[in-house]
Amino acid sequence: MPQISAIGKYLDQPLLTAKINKNVPAMLTLGAGAVFADTVKNSPKDERKKNALKIGATLTATAISAVMAPKIAAYITGRTATKTLSQIKKYNTEIVDEYIKNNEVNENLKNILQKAKKNVLSLKEVKELFKDEKHSQIANKLIPPPDNISSKDIFREIGWLSIYGAVPVAGGIAGGIIGDKITESKWKDKVPNKLKEGIYQYLANIFLCNIGAGAALGILEKFDIKSKTARCLGMLGGILTTGVIGGSVIANYISKKIINPLVSKDNKADVRTPELLDLSLHTDDIATISLLSGLKWIEPSLPLLYSVSGYRAGIGYRNNKGDASKQK
């Protein structure tokens, strides 16, 4: 097995994905704690308590919503829920025991199969597992090959990803509003920027990128193009066209024509321009491409990626300079 294929198989182990999923809340907590500590530390001494309450509420709501996002998105779209660690271990144990009972297996492979019941295999062990085509049946059951998503499934997956991304953004906005309400008398004046930033984050960094990837995948599917390289490049082109290039323009237009007249007293037509962090947030598009290509190993990273957009929406970031706690 080529090294790249082996790495892909290693990363796609259901047990590995489940273990990462299980640790996402802890990773979010650590990340939020670091942002909280840094923000409070760099706040003026007389504003630390107030900023601690604001940022604390925003980070807490963002983290909780990011953790809940996959379940909410799966429930709304009817997507099959991801198997838990215990469910995968039970499944692996059953199929391994049955296979060893009914097939001749050498000692080395037997040890690997026994380990695969409840533990993540090493890269070397994965290569050994797929070495002999005679045992491909059990290998593919333990580490299922990625499936090209058909056209009929595209919109379901796009819907799932879009709802997934919307939940942390909505949570960040809610947390930011709560934080302002308990610390500011004129908290309503800060709501417009949160809504506008939320729209910007969602459209430019999440939704329109998903639409672009899905549209490109649909076109490739129509022409019966199955090559994973062609599908990945096609989806990347769709993302660049609708999200990276068009998302900022569309988000600013909605803010100017809808949000400002409705909730902004001065109706200020501020323009949110892309920044380096905004561009780096498009790493979640790699996750989109991977998932729509049938790869599952990237999925656990989504709460971490989307929570950044949620936090920025919660603080109402609008190309301001200085302490994030003041950017509302």
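Contact here means heavy atoms within 4.5 Å. Helices (H or I, at least four residues) and strands (E, at least two) are DSSP runs, numbered from the N terminus. This is a predicted model, in which local features need pLDDT of at least 70, side-chain atom pairs count only at pLDDT 80 or more, and totals for chains, interfaces and linings use all residues. Residues are numbered from 1 along each chain as its sequence is written, and side-chain values use heavy atoms, with hydrogens and water left out.

**Exercise 1. Explore helix 5: which of its residues are buried, and what covers them?**

Step 1. Find residues 107-116; the buried ones are Leu109, Ile112, Leu113 and Ala116.

Step 2. Look down the axis of helix 5: these buried residues fall within an arc of 100°, so they line one face of the helix. The arc is that of the directions from the helix axis to the C-beta atoms.

Step 3. The cover over the buried residues includes helix 2 (14-41), helix 4 (85-102), helix 6 (123-129) and helix 7 (136-142).

Step 4. Finish at the start of helix 5, where a side-chain oxygen of asparagine 106 comes to within 3.2 Å of the backbone nitrogen of asparagine 108.

**Exercise 2. Study helix 13: at what angle do helix 3 and helix 13 pack, and at what angle do helix 2 and helix 13 pack?**

Step 1. Axes are lines fitted to C-alpha atoms, for helices over the stretch in contact, and angles run from 0 to 180 degrees between N-to-C directions.

Step 2. Helix 3 (residues 48-77) packs with helix 13 (residues 302-314) at about 145°, their axes 9 Å apart. Among the residues that meet are Ile55 and Leu59 in helix 3, with Pro303 and Tyr311 in helix 13.

Step 3. For helix 2 and helix 13, the angle is about 35° and the axes are 10 Å apart. Here Val24, Met27, Leu28, Val35 and Thr39 in helix 2 meet Pro303, Leu304, Ser307 and Tyr311 in helix 13.

Conventions: Buried < 20%, exposed > 50% of the residue type's maximum accessible area, 1.4 Å probe, protein only. Polar contact = N/O pair within 3.5 Å; in protein donor to acceptor, adjacent residues only side chain to side chain.
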